[in-house]
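Colleague: I'd like to go through the charged pairs and the packing in this one. Can you show me what you have, and tell me how you decide what to call things?

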Amino acid sequence: MKIKLIHIMGLLAVLAIFFLYRGTFDRMDYFFQDRFMQKESPVETQIAIIAIDDESVSEFGSWPWNRNVHAQLVDMLSEGKPAVIAFDVTFPAPSADDPSSDEALISAVKNAGNVVFPVYGTFEASAKQGAIDALEISEPFPALKEAAAAVGHINTIPDRDHVVRNSLYRFMYEGEQVESFSWTIYKMYMERQGKSVSADMLPLDAFGQFHIPYTERPGQYEAIPYAAVLNGDVPAEYFQDRIVLIGPYATGFKDEYLTPLQVKKMMYGVEIHANIIQALLENDLKHELNWKWNALILLLAASLAYFLFRKWNMLISFLAVAVILVAFVVGSSYLYGQGIIISIGYVVPLLIISCIIVVGFHYVEELLERRRVTDIFGRYVAPEVVNQILKNGEEGLKLGGTRRELTVLFVDIRGFTPLSEKAEPEEIVEILNEYLDLAANCIFKFEGTLDKFIGDAAMAIFNAPLLLEDHPMRAVEAAWAMKEGSAALERKLIERFGFGVKFGLGIHTGPAVFGNIGSKSRMDYTAIGDTVNTTARLESNAKPGQIIMSDAVYQVVKDRVIANALGEIKVKGKEQGISIYELEGLK
């Protein structure tokens, strides 16, 4: 079965859908999401970050600090009446050297009544789809947890390229649900605003995650040094009715993650929480299309590409595919803004690979077609003529001629008529084919062009359509090869019929016109002119087994051949005689 373009495009589409289902090239998908979908937007002023930064570490000493420092911060913030105070810092155990500092922190947290602390779960190496169960959990020590308004987990599940693009809404521990840190803060904030929220609003995937639409690059959120707040440089009223996030803001804490909006540096965990909370506040939640819908988009893209490649020429098709690629990228960005994520990371490579394969397919198809045409028509006309027609297309089929010096060779079979009387028609055709095949092979061997067969004769031209150096000598060599090759054929005929046949050849060099000659419906690629007519007359004067050259040929090749002068002969159509020579060998 011949492979067609539709088979190749179909196979590409099937492979793309299979890879989509397996998530083989998700990194490519992430690339397009990160570059063309994630957009910056103005900072959400409802969120403030108090940074545990290098400046604060220099003032309060190395981490961890005495918990009296945190208690003092909570008390100061409470005076300004923030909506939520959230520590992105764990306190898993009571203080070993200063129990009074624990009591101060617990008291400050109770008095505030709006403080959220993080918990952290430990999972199996490979989590299954659905509700994820934690094997262990790290949470604030019991008294602090009891004093807190709420707790939420700070677990992240990076993608294969270690970039955090999703937020895990919840996991299960000992039969109880542990919601995320960001969701807990958002929910508490909304309750303080007199509004209730439900997790049903979250577009969760099979693992219970939802996409994070990052809007701020690292360092773009307002980050106030911890020390600046405690020193009174920032008044408590500044945080009124706001969400206050407190977390590490220095590289030494190792709380940094890769994100889609990274700019030479990673994003701190507290900034990621800020991005998640901002998305929840703005209800900027993205629904990722099911893989089946993305598969349908792939099929449509493949079908469209196939239609373009079959309908239009290559250049227009490629330009159209380029426009489609841009449309997909722009369209995916628009849909992202509308809350829908499509996987163009599979569509774009499919279209690009389709273009590359189509180029290769058409090249191979054209190569095979040229070979097929050459093989078929090369049996009727010279292969050089076929190649010229294929190269020039319609131009190569126009009537017209070119004037050039050519060497023309005529060869005829002597003694063929008596043989025809003794042999059967089938045997005659077989013998004729053997002789003409020998003649054609010798012409092609020395780069001549087989013009035509004329019954038991043949005509060849040298130096057309391709320029050929030393074309008279090439014609002489071809003629001598015919004479030598015919000896074996003659012996075979003598054995079968009692007598054989020989070649008679004539060679002449001179100006002639060659090209497509005839009518628009039927044309021959041939040469015409006095040179051709003269060569035919020379061949008709040749005896069986004799090769006659004109003086024009002899003067070019005389130093390389053995020839015998035969004097002048009169030929039809010429008033003056022609000096001829018999070729007897090659030096």
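Colleague: What makes Lys452 and Asp451 a salt bridge?

Modeller: Keep in mind that this is a predicted model. In it, the N to O distance between the side chains of Lys452 and Asp451 is 2.5 Å. The cut-off is within 4 Å, so the pair counts as a salt bridge.

Colleague: Why is Asp451 called buried?

Modeller: Its relative accessible area is 8%. Buried means under 20%, so Asp451 qualifies. Lys452 sits at 26% relative accessibility, and that falls between the 20% and 50% limits, so Lys452 is called partly exposed.

Colleague: And what brings such side chains together in the first place?

Modeller: Side chains of opposite charge can pair when their charged atoms come close.

Colleague: How many salt bridges does the structure hold?

Modeller: There are 14. One of them joins Lys492 and Glu434, with the closest N and O atoms 2.8 Å apart. Lys492 is in helix α16 (residues 471-497) and Glu434 in helix α15 (residues 425-445), so this pair links distant parts of the chain, 58 residues apart.

Colleague: Are Lys492 and Glu434 buried, exposed or partly exposed?

Modeller: Lys492 has 36% relative accessibility, so it counts as partly exposed, between 20% and 50%. Glu434 is at 25%, so it lands in that category too.

Colleague: Why is Glu490 called buried, and what is Lys502 called?

Modeller: Glu490 has 16% relative accessibility, under the 20% limit, so it is buried. Lys502 is at 32%, so it is partly exposed.

Colleague: Which residues are linked in a network of salt bridges?

Modeller: Asp159, Asp161 and Arg165 are linked that way.

Colleague: On to the packing. What makes a set of residues like the one with Leu409 and Phe462 a nonpolar core?

Modeller: The members are buried nonpolar residues joined through side-chain atoms within 4.5 Å, so they are grouped as a core. The largest one has 45 residues, and those with the most contacts inside it include Leu409, Phe462, Met482 and Phe503. Its largest share, eleven residues, comes from α16. A second, separate core of 36 residues includes Leu202, Phe210, Ile243 and Val270.

Technical notes. Residues numbered from 1 in each chain as written. Predicted model: local features only at pLDDT ≥ 70, side-chain atom pairs only at ≥ 80, totals over all residues. Heavy atoms only, no water. Helix = DSSP H or I, 4+ residues; strand = E, 2+ residues; numbered from the N terminus. Buried < 20%, exposed > 50% of the residue type's maximum accessible area, 1.4 Å probe, protein only.
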